[in-house]
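My entries follow in the order in which I checked them.

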Amino acid sequence: MLPRLLLLLILALPAQAQTPREAGLELVLLADASGSIDSAELAFQRQGYADALNDPQVLGAIQSSLYGNIAVTYVEWASNTAQVVDWMMIDGPESAQAFADALVGPPRQAYGSNAIGNALLDGLRLIERNDITAPRAVIDFSGDSIRNSSGPGIADARAQVLAAGVTINALPILRPEDGRRAGLNLEAEYQERIIGGPGAFMVTAESRESFAATVRRKLVLEIAGMTPDTFDLAACCGPTPRAASAPSRPAADPARR
């Protein structure tokens, strides 16, 4: 009787719990929601990512990739982190629009100062604890500062992420109109202290006006598994923003997860 009951329980489990979902890429969009980002800017950032995921060039990169899909989650970071949109599989216009619709509506849930180390570790946890298997995993970190006011140190958190085989890319947001925010060396700091792992790179948003286009270009690179050094961004996506790659490292392990 007991074996039969156990079999019935197993068969009753959702298929998702039994079989991991497969994707070509696990992508954590880790966006700044610290005190330097007001409500209007928070909404602007969300809309920029929503528009980018629906862009024909991004959708084309997804559909022409080996798996034809990517798994994406959107997380905002400050003193705490908040998962605004849970993991979703994007494989075409309908799923991209569903992600965008889920992204633009929720209220702000992350507040306070900068806890970059904690944000990176939370991004790693979201990758390690999901039900998705993929050959590549990327944390796409964006911010307008390098300050780390609380929680784990950036260096230790970064080392843990890289040791797990996860790549960290970065999108520094420059604020030339406000010297209290980024400072002149934000790109150098992100290059040295944030990005890392196989194929890591950084693309800079130089102004509010260029933010959405920069996000679009960055997503195309991440989906294609390329860097600014190995992919013709100008041919694909228009004028190229300032970009930098990490030093060459071995390719990602196809059997990472």
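I looked up Phe211 and found that, at 3% relative accessibility, Phe211 counts as buried, where buried means under 20% relative accessible area, exposed over 50% and partly exposed in between, with a 1.4 Å probe and protein chains only. Phe44, at 27% relative accessibility, counts as partly exposed.

I note that this is a predicted model, in which local features need pLDDT of at least 70, side-chain atom pairs count only at pLDDT 80 or more, and totals for chains, interfaces and linings use all residues. Residues are numbered from 1 along each chain as its sequence is written, and side-chain values use heavy atoms, with hydrogens and water left out.

My search of the whole structure for aromatic pairs gave five (rings of Phe, Tyr and Trp, the last by its six-membered ring, with centres within 6.5 Å; planes under 30 degrees apart are stacked, over 60 edge-to-face, the rest tilted). Phe44 and Phe211 form a tilted pair, 6.0 Å centre to centre with 45° between the planes. Phe44 lies in helix H3 (residues 39-53) and Phe211 in helix H9 (residues 211-224), so the pair ties together parts 167 residues apart in sequence (helices are DSSP runs of H or I, at least four residues, numbered from the N terminus). Ring pairs link Phe44, Tyr49, Tyr74 and Phe211 into a cluster.

Next I turned to Arg108, which lies in the loop between helix H5 (93-104) and helix H6 (116-128). The side chain of Arg108 has a polar atom 2.7 Å from the backbone oxygen of Ala33, and it reaches the backbone oxygen of Ala110 at 3.1 Å.

Last, I listed the buried residues of helix H8 (residues 186-193), which are Leu186, Glu187, Glu189 and Tyr190. They cover an arc of only 165° around the axis, taken from the directions from the helix axis to the C-beta atoms, which puts them on the same side of H8.

Note on methods
Helices (H or I, at least four residues) and strands (E, at least two) are DSSP runs, numbered from the N terminus. A polar contact is a pair of N or O atoms within 3.5 Å; within protein, one must be able to donate a hydrogen and the other to accept it, and residues adjacent in sequence count only if both atoms are side-chain atoms.
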